[in-house]
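The model is shown first.

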Amino acid sequence: MAMRQESIGAAAETQADVRERILTTASDLFYRRGVRAVGVDVVVEAAGVAKTSLYRHFRTKDDLIAAYLQREDEDFWACWDRVAARNEQDGAAELEAHLAWIGARVGRPNYRGCPQLNVAAEFPDEDHPARVVARTHKEELRRRLRVIAERLQVARPDDVATELSVVINGAFVSSQILAGGDATRTLSQIAHALIAAAKA
């Protein structure tokens, strides 16, 4: 059935379109169900493509998982960069704005946690392609928070960046126990306390 569906639309669909459809379908399934729970056959059926098409674009399932996380990574940093650009003159305002949109993201009804943390929890192997993407994402978060901490002229900017990243990642994994605007308010309160303590 999948091969027939694919052949019908092949004339109007480029290889890039097919790749995008596979990745979009896999990303949705991976996020909602978990990576290990979703096999290649499930992705193929949901995307309406032949298995050979999937493997033409993604050599292994691990490569598909890594592409999914890379897409999530790009989306997250695009949001971050837009907020940073609007607050480039004020470090405190930038941090507050980041916590606001992150809190809003955590508070979404369909939010199931940070994709990078979710996948990292499923794959203990440090060298797994998806875990490498996840680790790089978290290192970049801490680096960007350190830049903000330096702009705020706090003592121990490295420590403050680590503390803020732990708080933000904590919000990502606590979405099920946070109601409404709790995430934004809690993030803001803890961040203010950390910044104040670092300046004292």
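I worked on a predicted model, in which local features need pLDDT of at least 70 and side-chain atom pairs count only at pLDDT 80 or more, while totals for chains, interfaces and linings use all residues. Residues are numbered from 1 along each chain as its sequence is written, and side-chain values use heavy atoms, without hydrogens or water.

Entry on H3. I looked up burial (buried is under 20% relative accessible area, exposed over 50%, partly exposed in between, with a 1.4 Å probe and protein chains only). In H3 (residues 40-47), Val40, Val43, Val44 and Ala47 are buried. Seen down the axis, these buried residues fall within an arc of 100 degrees, so they line one face of H3. Glu45 and Ala46, on the other side of H3, are exposed.

Entry on H9 and H10. I noted that H9 (residues 157-173) and H10 (residues 182-199) pack at about 170 degrees, with axes 10 Å apart. This makes H9 roughly antiparallel to H10 (under 35 degrees is roughly parallel, over 145 roughly antiparallel, 65 to 115 roughly perpendicular, the rest oblique). The contact (heavy atoms within 4.5 Å) includes Val160 and Leu164 of H9 and Leu187 and Ile190 of H10.

Entry on H6 and H10. The axes of H6 (residues 91-106) and H10 come within 8 Å and cross at roughly 150 degrees. Among the residues that meet are Leu95 and Leu99 in H6 and Leu187 and Ala191 in H10.

Definitions and conventions
Axes fitted to C-alpha atoms, helices over the stretch in contact; angles between N-to-C directions. Helix = DSSP H or I, 4+ residues; strand = E, 2+ residues; numbered from the N terminus. Arc of directions from axis to C-beta.
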